[in-house]
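Here is a model to talk through, question by question. Have a look before we start.

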Amino acid sequence: MLDQVAFGALVKRKRGEMRLTQETLAGDIFGDSTRKADISRIENGKVTPQEATIQKLCTALDISPAEMEHIRQARPTVEQLANIPALSREELQNLAARFGIENPYGANDTALRSQLTHKADDYRKLLAEVESLKGLSTRIDNIHSAAMAALRKPDLEEARRLIEGAKEIHQQSVLLPALEANEKLIKTQVDIALLQGDVEEAYRLLRASANSFDGVNSDERILRMLYHAPKTLRSYALRFGGNGFEYALALINEIEPELVGHTNQKMRADALIWKGNVFSDQGHRTEGPKGADLLEQAVTAYRAALEVHTRTDHPVDWAMTQNNLGAALGDQGNRTDGSKGADLLEQAVTAYRAALEVRTRTDHPVSWASTQENIATVLKDRALRSDAKDSATDLAAALDAVDLALEVYDPEHMSYRHGTATELRQRILSAIDALSDPKS
């Protein structure tokens, strides 16, 4: 069994003696000098190299079989700490490397035995400290047992990781309830501020509340900055206008860089969707070039989200984003003259029809009907353009789509949706009548 820590220390020493950089060694071993990080991980004992890599390193660094003999044996044990005077030179070096003693291969035996004696004292104190953690909580006790087992191997890196996990659990169990209670109080302050029309103060309070969770878990902070706070500000802006949209975007922009390499890429996609929604909301309410630019930013955000929310991995989110993309493209198209506007409307129809691949009538009947209604709206709008190429075909397809939606919209239980679809159907019929009888 290879002692990866001792092997890493040996590789680092040999590389230094030969005056090689990590880049140069990476080029020799992997044929790629940019893989210096892999050399660094080996030297720091973070990974156990494959046998082929070990052989290449031994050849490149002139490491002899004799030097590898003890490193290939079982890793140093804690029992050796109790018998330091009897350890061989190789055992002293390997044990010193395990405990991070600087340059174990260059120090003499006396210095190594002295430093390892101090390390043994520190190790016994550490065992006692970790043992005293038992009883903090049931969840921590489960980790505590694993941490003690890691220390007795000794696998200090694993013990460090486990203690870090225990710390996070303890922080959450102690701090999280208090922060959540504080969050409720802050929400009341936010509601008061918004009732007074002070959106800036609401933003400040929401941001501070979210940031307070960073000490417990950075994801708790991100969740609030991404889902809770922007929703409050956007909802206010939708009802009352003002700068709530800008403050919602400020929150999302603040955390977006943290999401680029995050393990949960759904949050990154959701951030892009949020940006698309806010840009679309703003663009819909803004006239002229500025409104057009906002809609373009919405389209860009939605398309970026679709690269993360793939149909395979997140089909429902993918379909929702296609539907939102269709709405932004439709709004763009209606504001744009000529063939470019017509092309944007065609792109909107394409996005809506893509959504229907997931939003089927069987599995998602209401979403399916809503998207059919959206298709009908875009086709009607395209048919009524002054530069329309085939109004009759578009209006006929629009009528078919809205009729499909009305098959799902129950007039008793979905009166609003049924009402809007019925009004749309009437406008389409009027357009068909006007097309067949221009004089009317």
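Predicted model: local features only at pLDDT ≥ 70, side-chain atom pairs only at ≥ 80, totals over all residues.

User: How far apart are the end C-alpha atoms of helix α17?
Analyst: Helices here are DSSP runs of H or I, at least four residues, numbered from the N terminus. The expected span is 1.5 Å times one less than the number of residues. For the 19 residues of α17 (365-383) that gives 27 Å, and the end C-alpha atoms agree, at 27 Å.

User: How many residues of α17 are buried?
Analyst: Buried means under 20% relative accessible area, exposed over 50% and partly exposed in between (1.4 Å probe, protein chains only). α17 is largely enclosed by the rest of the structure, because the buried ones among its 19 residues number 14.

User: Which helix supplies the largest share of the lining of the second largest pocket?
Analyst: On a 1 Å grid over the protein atoms alone, a pocket is an open set of points where a 1.4 Å probe fits, with protein on both sides within 12 Å along at least five of seven lines; lining residues have an atom within 4 Å of a point. This pocket is lined by 24 residues, with Ser280, His284, Ala327, Ala328 and Tyr352 nearest its centre. Helices giving two or more residues include α11, α13 and α17. The largest share, eight residues, is from α15.

User: Which residues does Leu233 touch, leaving out those up to four places away in sequence?
Analyst: Leu233 is among the residues with the most contacts to other members in the 74-residue largest nonpolar core, a set of buried Ala, Val, Leu, Ile, Met, Phe, Trp, Tyr and Cys residues joined through side-chain atoms within 4.5 Å. Counting heavy atoms within 4.5 Å as contact, its partners are Val199, Ala202, Tyr203, Leu206, Gly244, Tyr247, Ala248 and Leu251.

User: Is Asp62 buried or exposed?
Analyst: Asp62 sits in the loop between α4 and α5, and its phi is positive, about 55°, although it is not a glycine. Most residues other than glycine have a negative phi. With 60% relative accessibility, Asp62 is exposed.

Conventions:
Residues numbered from 1 in each chain as written. Heavy atoms only, no water.
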